[in-house]
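Dear colleague,

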Amino acid sequence: MKTLKILFLITDIGFIIYWLVTFLELIPNEYLYNDYNNPILVAWNWSFFPLDILVSITGLTSLYLYKKGNNIWSKMALISLVLTFCAGLQAISFWTFSSDFDVTWWIPNLFLLIYPLFYIPNLLRKVI
């Protein structure tokens, strides 16, 4: 649980920081993805906001429930991990279909896609 807790904190707080930085337009131009100002891509990026915030809510809630000894933590953690995987999959799929291979965007999204796979099977056994 210790490693999962650290990964949840990195991911959940990271999402909150990313969306604050995005909202405040603080990302330097050299780190923006291609066509960042294209209205369609702006809408595409913001379409992740509800999913990402839901990841943060479920992940942080699972940590709180775990700390309180509430067994529902594992169900909430499973939901968070599945949503995290979906967020990573959606982004990687988009970057693949658009043939955009910028490592600064691929690494965090591959992280979101891959790390949940190490925890989902164990949580499924715990929940079922």
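**Ser 80 and its surroundings**

The side chains of Ser 80 and Thr 58 are joined by a polar contact of 3.4 Å. Please bear in mind throughout that this is a predicted model. Ser 80 sits in helix H4, which covers residues 73-97, and its relative accessibility is 1%, so Ser 80 counts as buried, the cut-off being under 20%. If neighbours within four places in sequence are left aside, the residues in contact with Ser 80 are Phe 8, Asp 12, Val 55, Thr 58 and Gly 59.

**Helix H3**

Three of these names, Val 55, Thr 58 and Gly 59, return among the buried residues of H3, where Leu 51, Asp 52, Ser 56, Ser 62, Leu 63 and Leu 65 are buried as well. An α-helix has 3.6 residues a turn, so residues three or four places apart point the same way. What lies over the buried residues of H3 includes H1 and H4.

As for its length, helix H3 runs over residues 49-67, and its 19 residues, at 1.5 Å a residue, should span 27 Å, which agrees with the 27 Å between its end C-alpha atoms. After H3 comes Gly 69, which has a positive phi, near 80°.

**Aromatic pairs**

Turning to the rings, the structure holds 18 aromatic pairs. Trp 105 counts as buried, at 12% relative accessibility.

Another aromatic pair, that of Phe 111 and Tyr 115, is stacked, with the centres 4.8 Å apart and 25° between the planes. Where Phe 111 is partly exposed, with a relative accessible area of 28%, Tyr 115 counts as buried at 6% relative accessibility.

Finally, Tyr 18 and Trp 105 also belong to a cluster linked by ring pairs, in which they are joined by Trp 19, Tyr 33, Tyr 36, Trp 44, Trp 46, Phe 48, Phe 49, Phe 94 and Trp 95.

Key. Residues are numbered from 1 along each chain as its sequence is written. This is a predicted model: local features need pLDDT of at least 70, side-chain atom pairs count only at pLDDT 80 or more; totals for chains, interfaces and linings use all residues. Side-chain values use heavy atoms; hydrogens and water are left out. Rings of Phe, Tyr and Trp (its six-membered ring) pair if their centres lie within 6.5 Å; planes under 30 degrees apart count as stacked, over 60 as edge-to-face and the rest as tilted. Buried means under 20% relative accessible area, exposed over 50%, partly exposed in between (1.4 Å probe, protein chains only). Helices (H or I, at least four residues) and strands (E, at least two) are DSSP runs, numbered from the N terminus. A polar contact is a pair of N or O atoms within 3.5 Å; within protein, one must be able to donate a hydrogen and the other to accept it, and residues adjacent in sequence count only if both atoms are side-chain atoms. Contact means heavy atoms within 4.5 Å. The expected span of a helix is 1.5 Å times one less than its number of residues.
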